[in-house]
Amino acid sequence: AVVLVGEDPASKVYVRNKAAQTVEVGMQSFEHKLAEDTPEQVVLDLVAKLNADPSVNGILVQMPLPKHMDSNKVLELIEPLKDVDGFHPMNVGRLSIGERALAPCTPVGSIILAKSVKHDLSGLNAVVVGRSNIVGKPMAQLLLRENCTVTIAHSRTKDLPDVVRAADLVVAAIGKPEFVKGDWIKPGAIVIDVGINRILKPDGKGKIVGDVDFAEAVKVAGAITPVPGGVGPMTIACLLKNTVEAALMQRGLKALAA
Ligand code: NDP
């Protein structure tokens with residue numbers, strides 16, 4: 001079940017894509033679209049109803065919520081076993097202590113991409129640029145679980161290019177177009193570009209680019225994800241994976257193979 005409040009154009013596109021792919025893999029998708037000025041209590045009541053509905057295995061409240069709502073209050077009401085975005089503090093905590101948890105979809109997808117080119121990430125020097133709750137921090141937790149040596153860089157990090165140069169695996173989740181340059185990349189490194197940035201080309205047309213300067217970095221990296229087309233589709237795929245995982249957990253069944 002997806003809850004969308006308001007008219008944010010990017011959110012509408014995400015929700016449409018998620019719903020279409022949910023149906024494509026044979027799941028039922030329940031969409032709840034509410035007006036921008038919906039009172040917070042109406043959203044809380046809807047989440048409570050979805051929590052209690054046995055036909056719903058996963059609940060996703062599309063962020064950002066309108067300003068008059070307390071996003072944390074809404075997220076914390078979601079039943080942790082139905083929290084397919086992995087944002088509930090219970091899942092965040094379980095992930096950090098190494099327990100079975102529903103983990104945020106973008107980092108889960110990024111790990112699958114990295115492991116598709118190097119099955120065993122153990123011992124790698126991993127640098128995550130960005131420390132948001134939805135990407136950077138859970139990414140670092142998942143890399144730690146894969147036995148990487150993890151550095152989290154952010155806007156206050158000193159000598160960022162040198163920090164990135166030491167990485168066997170770089171995850172860029174910054175939100176700044178083509179910020180990570182080719183000469184920051186260690187030859188042969190795996191580069192996972194999470195960024196999605198819309199820029200204007202000189203001809204005035206829009207273009208989506210990542211946080212890494214792909215044209216430069218592709219010459220040095222061992223493997224690199226493109227934008228668009230790399231991490232983005234994996235995020236939706238992992239939302240579906242989490243939904244299956246959630247359904248298994250609700251029935252006390254074993255996890256999917258990683
Ligand atoms: P946030 O804005 O929440 O976080 C950005 C992070 O980048 C912060 O931790 C910030 O540091 C850090 N940062 C900003 N400027 C610099 C800098 N100059 N040097 C080093 N670090 C810097 O973004 P999100 O994590 O939500 O998203 C990151 C990107 O990923 C965005 O482009 C977003 O669109 C994209 N995204 C893509 C998804 C997908 O499905 N592919 C899903 C989610 C996000 P500080 O904490 O110090 O401010």
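How many positive and negative side chains does the chain have, and how far apart do the centres of the two sets lie? The chain has 29 positive and 28 negative side chains, with the two centres 3 Å apart. Lys and Arg count as positive and Asp and Glu as negative, while His and the chain ends are not counted. The place of each charge is taken as NZ of Lys, CZ of Arg, CG of Asp or CD of Glu.

## Basis of the model

This is a predicted model, in which local features need pLDDT of at least 70 and side-chain atom pairs count only at pLDDT 80 or more, while totals for chains, interfaces and linings use all residues. Residues are numbered from 1 along each chain as its sequence is written, and side-chain values use heavy atoms, with hydrogens and water left out.

## Overall form

The chain holds nine helices and 10 strands. Helices (H or I, at least four residues) and strands (E, at least two) are DSSP runs, numbered from the N terminus. The radius of gyration is 19 Å, close to the 18 Å that the globule rule gives for 258 residues, so the chain is as compact as a globular protein of that length. That radius is taken over C-alpha atoms, and the globule rule is 2.2 Å times the number of residues to the power 0.38. Along its principal axes, the C-alpha trace spans about 50 × 50 × 35 Å.

## Burial, contacts and surface

Of the 258 residues, 44% are buried. Buried means under 20% relative accessible area, exposed over 50%, and partly exposed in between (1.4 Å probe, protein chains only). Among contacts with a separation of 6 or more, 62% are between residues 24 or more positions apart; contact means heavy atoms within 4.5 Å.

The accessible surface of the chain is about 13,100 Å², and carbon and sulfur atoms account for 56% of that area. Accessible areas come from the Shrake-Rupley method with a 1.4 Å probe; for residues, only the protein chains shown count as cover.

## The parallel sheet

Five strands make up an open sheet with parallel pairing, in the order S5-S4-S6-S7-S10. Its edge strands, S5 (149-153) and S10 (223-224), each pair on one side only. Two strands pair if DSSP finds at least two bridges between them.

Within this sheet, S6 (residues 169-172) and S7 (residues 190-193) pair in the parallel sense over four bridges. Leu 169 has Ile 190 in S7 as its bridge partner.

## Backbone exceptions

Most residues other than glycine have a negative phi, and most peptide bonds are trans. Met 63 and Pro 64 are joined by a cis peptide bond with omega about 0 degrees. Pro 64 lies in the loop between strand S3 (60-61) and helix H3 (71-77). Another cis peptide bond joins Val 227 and Pro 228, with omega about -5 degrees; Pro 228 is in the loop between S10 and helix H9 (231-250).

Asn 147 is not a glycine, yet has a positive phi of about 70 degrees. Asn 147 sits in the loop between helix H6 (136-145) and S5, and counts as exposed at 51% relative accessibility. Glu 178, also not a glycine, has a positive phi of about 50 degrees. The loop between S6 and S7 holds Glu 178, which counts as partly exposed at 27% relative accessibility.

## A buried histidine in a loop

His 88 is placed in the loop between H3 and helix H4 (89-96). At 10% relative accessibility, His 88 counts as buried. Not counting residues up to four places away in sequence, His 88 touches Leu 75, Glu 76, Ile 78, Pro 80 and Asp 83.
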